Amino acid sequence: MAFPGYGYGGFGAPVPGMPVAGLQSVPGGAAAGYQGYSPFGGGYHVSADPMWNYFSAIAGQDGEVDADELQRCLTQSGIHGSYTPFSLETCRIMIGMLDRDFSGKMGFNEFKELWAALSGWKQNFMTLDRDCSGTVEPHELSQAISSMGYRLSPQSLNVIIKRYSKNGRIYFDDYVACCVKLRSLTDAFRRRDNMQQGIINFMYDDFLQCTMVV
């Protein structure tokens with residue numbers, strides 16, 4: 001049985017934007033290792049990937065993008081659809097979610113992983129946004145969090161709703177920011193919870209590295 005906060009991954013059915021049993025999904029159904037993001041095998045050429053055009057047009061000579069470049073890349077790609085483009089702060093925490101070497105940048109394979117997560121979160125948001133207002137109500141955010149497999153206390157849900165709502169509504173950018181932070185912090189906690197009991201001991205510096213990046 002999943003205990004509080006650990007409802008996703010190996011404990012239940014896969015949900016959009018969540019890692020499954022140590023693998024990360026990428027568009028097209030391929031999977032890359034959770035830690036290594038192993039290169040594509042066979043005769044696959046990255047230039048043949050339709051998302052490479054978005055990424056390569058923005059990436060610097062190092063083949064990576066920072067938060068400003070990621071914001072331009074996502075805006076030009078149109079993944080936000082009819083919703084307001086992602087803010088710079090949301091793009092910063094998107095990078096932080098996947099920035100396991102703390103470089104402050106994102107490579108192409110990480111970009112593909114982000115794209116898969118964003119597509120799932122957008123699909124969830126559109127399902128909740130029945131009136132196409134670009135916002136959802138607080139109780140709908142709670143439902144979305146539960147549907148993604150998180151088992152949070154009413155107190156935690158209340159804190160999240162207050163943090164990400166504006167005038168009693170949650171906008172798409174804030175919804176994605178909430179999803180990014182939930183995933184990032186839960187991943188960081190879970191990697192340290194060797195006994196899978198929902199309890200860990202944090203060194204202060206380790207705690208800061210986990211929380212300040214998002």
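## Report on a predicted chain

Phe172 is buried, with a relative accessible area of 2%. Here buried means under 20% relative accessible area, exposed means over 50%, and partly exposed lies in between, with a 1.4 Å probe and protein chains only. The model is predicted, so local features need pLDDT of at least 70 and side-chain atom pairs count only at pLDDT 80 or more, while totals for chains, interfaces and linings use all residues. Residues are numbered from 1 along each chain as its sequence is written, and side-chain values use heavy atoms, with hydrogens and water left out.

**Phe172 and its surroundings**

Phe172 belongs to helix H7, which covers residues 172–192. Helices (H or I, at least four residues) and strands (E, at least two) are DSSP runs, numbered from the N terminus. Not counting residues up to four places away in sequence, Phe172 touches His80, Tyr83, Phe86, Lys122, Phe125 and Gly134; contact means heavy atoms within 4.5 Å. Phe172 and Thr84 are 88 residues apart along the chain, but their C-alpha atoms are separated by 7.4 Å.

**The chain as a whole**

The chain has eight helices and four strands. Along the sequence they follow the pattern β-β-α-α-α-α-β-α-α-β-α-α. Of the 214 residues, 44% count as buried. Among contacts between residues at least 6 apart in sequence, 66% join residues at least 24 apart. The chain exposes about 11,100 Å², and carbon and sulfur atoms supply 55% of this area. Accessible areas come from the Shrake-Rupley method with a 1.4 Å probe, and for residues only the protein chains shown count as cover.

**Helix H3 and its partners**

Helix H3 is mostly covered, since eight of its eleven residues are buried. The buried residues are Thr90, Cys91, Ile93, Met94, Ile95, Gly96, Met97 and Leu98. They pack against H2, helix H4 (108–128) and H7.

Helix H2 (residues 67–77) and helix H3 (residues 88–98) pack at an angle of about 110°, with their axes 8 Å apart. That angle makes H2 roughly perpendicular to H3. Axes are lines fitted to C-alpha atoms, for helices over the stretch in contact, and angles run from 0 to 180 degrees between N-to-C directions. Angles of 65 to 115 degrees count as roughly perpendicular, under 35 as roughly parallel, over 145 as roughly antiparallel, and the rest as oblique. On the H2 side the contact involves Ala67, Asp68, Leu70, Gln71 and Leu74, and on the H3 side Leu88, Cys91, Arg92, Met94 and Ile95.

Ser184 lies in helix H7. It is buried, with a relative accessible area of 10%. Leaving aside neighbours within four places in sequence, Ser184 is in contact with Met97 and Val214.

**Salt bridges**

The structure holds eight salt bridges. A salt bridge is a side-chain nitrogen of Lys or Arg within 4 Å of a carboxyl oxygen of Asp or Glu. The table gives some of them.

| Residue | Partner | N to O distance |
|---|---|---|
| Arg169 | Glu137 | 3.2 Å |
| Asp174 | Lys166 | 3.4 Å |
| Asp187 | Arg183 | 3.6 Å |

The salt bridge between Arg169 and Glu137 links distant parts of the chain, 32 residues apart. Arg169 is in the loop between helix H6 (154–164) and strand E4 (170–171), and Glu137 is in the loop between strand E3 (135–136) and helix H5 (138–147). Arg169 is partly exposed, with a relative accessible area of 23%, and Glu137 is partly exposed at 32%.

Asp187 and Arg183 are separated by about one helical turn, because they are four residues apart in helix H7. Asp187 and Arg183 are both buried. Together with Glu113, they are linked in a network of salt bridges.

**A patch on the surface**

Tyr204 is in helix H8, which covers residues 204–212. Tyr204 is exposed, with a relative accessible area of 62%. With Phe202 and Phe207, Tyr204 forms a nonpolar patch on the surface, and the three have about 330 Å² of accessible area together. Patches are made of residues with over 30% relative accessible area and no salt bridge; like charges are joined within 9 Å, and nonpolar side chains (Val, Leu, Ile, Met, Phe, Trp, Tyr) within 5 Å.
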